[in-house]
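I opened this notebook to record what I looked up in one structure, entry by entry.

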Amino acid sequence: MKKGIITLVIAVLPVAAWSFYKPIRVLAPELNGLACINEKICLDDIRKAKDAELLYLESASLTNNAIGNFYNNPRTIFCTTEECYKSFGFKPPSVAHAVGASGVVISPRGWNNTKIIHEFVHHIQAERIGVISMLFKPDWLIEGMAYSISSDNMHEVPQRYIDAKKHFEQWYEELGNEQLWEAAKEL
């Protein structure tokens with residue numbers, strides 16, 4: 001009886017996670033109806049593959065040059081429709097979302113270097129600091145770093161993110177790039 005219940009839970013758990021925690025779908029976007037052109041880039045409209053690949057490469061290069069290389073290149077989902085973006089559990093007003101160190105989902109409104117770099121910063125943070133640890137870090141570090149490194153113009157951004165960006169930039173200027181991740185872990 002006990003083995004039967006354990007087997008049932010093991011069989012049902014992935015289906016339940018897929019149904020109720022939609023961001024997990026970045027792990028197998030093909031099951032969500034997307035096409036992957038390689039292990040890093042998946043799309044709902046394969047005709048946009050060259051645009052997605054160029055944005056990915058530019059954004060990854062700029063991010064890596066600013067704060068260090070990815071440990072693992074993030075799988076990035078490029079959605080050309082809001083329906084695709086919503087199918088991963090996200091909705092407006094957000095334009096992109098990092099799913100821990102598993103991947104990034106880009107809405108049709110987020111197809112630009114600024115938004116992608118912002119999420120790539122969160123991906124590196126998850127790799128370097130840890131997904132759970134990020135929950136306990138100050139907002140000025142997590143969001144301030146993402147807004148700063150992405151060179152966001154801060155247009156139509158809540159004041160708390162403008163303040164977070166300023167705080168991060170002051171801290172980072174005093175700290176220097178070489179000690180970034182050690183100091184971030186210690187906060």
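Predicted model: local features only at pLDDT ≥ 70, side-chain atom pairs only at ≥ 80, totals over all residues.

**Overall layout.** I looked up the secondary structure and found eight helices and five strands in the chain, which run from the N terminus on as α-β-β-α-β-α-β-β-α-α-α-α-α. Of the 187 residues in the chain, 47% are buried. I then turned to contacts with a separation of 6 or more, where residues 24 or more positions apart account for 58%.

**Helices α4 and α6.** I next asked how the axes of α4 and α6 cross. Helix α4 (residues 113-128) and helix α6 (residues 139-149) have axes that come within 8 Å and cross at roughly 135°. Angles over 145 degrees would count as roughly antiparallel and 65 to 115 as roughly perpendicular, so α4 is oblique to α6. The crossing in which α4 passes α6 is right-handed. From α4, the residues that meet α6 are Ile117, His118, Val121, His122 and Gln125, and on the α6 side I listed Leu141, Ile142, Glu143, Met145, Ala146, Tyr147 and Ile149. Sorted by class, the contact of α4 with α6 holds eight nonpolar, three polar and one charged residues.

**Aromatic pairs.** My search of the whole structure returned eight aromatic pairs. One of them joins phenylalanine 70 and phenylalanine 120, with 5.3 Å centre to centre and 90° between the planes, and is edge-to-face. Phenylalanine 70 sits in the loop between α2 (49-67) and β3 (75-78), while phenylalanine 120 belongs to helix α4, so that the pair links distant parts of the chain, 50 residues apart. I checked accessibility as well, and both phenylalanine 70 and phenylalanine 120 are buried.

I then looked at tryptophan 140 and tryptophan 171, whose rings have centres 5.2 Å apart and planes at 65°, so this pair is edge-to-face too. Because tryptophan 140 lies in helix α6 and tryptophan 171 in helix α7 (residues 159-175), the pair ties together parts that are 31 residues apart in sequence. Buried means under 20% relative accessible area, so tryptophan 140 at 16% counts as buried, and tryptophan 171, at 16%, counts as buried.

**Backbone angles.** For the last entry I kept in mind that most residues other than glycine have a negative phi, and most peptide bonds are trans. Which peptide bond did I note as cis? The bond from proline 92 to proline 93 is cis, with omega near 15°, and proline 93 is found in the loop between α3 (82-87) and β4 (96-99).

Turning to phi, I found methionine 154 with a positive value near 65°, although methionine 154 is not a glycine. Methionine 154 is found in the loop between α6 and α7. Is methionine 154 buried or exposed? Methionine 154 has 12% relative accessibility and therefore counts as buried. Glutamate 156 also lies in the loop between α6 and α7, and has a positive phi of about 60° although not a glycine. With a relative accessible area of 73%, glutamate 156 is exposed.

Notes: Residues numbered from 1 in each chain as written. Heavy atoms only, no water. Axes fitted to C-alpha atoms, helices over the stretch in contact; angles between N-to-C directions. Helix = DSSP H or I, 4+ residues; strand = E, 2+ residues; numbered from the N terminus. Parallel < 35°, antiparallel > 145°, perpendicular 65-115°, else oblique. Left-handed = near helix turned anticlockwise from the far one by under 90°. Contact = heavy atoms within 4.5 Å. Nonpolar A, V, L, I, M, F, W, Y, C, P; charged D, E, K, R; others polar. Phe/Tyr/Trp six-rings, centres within 6.5 Å; stacked < 30°, edge-to-face > 60°. Buried < 20%, exposed > 50% of the residue type's maximum accessible area, 1.4 Å probe, protein only.
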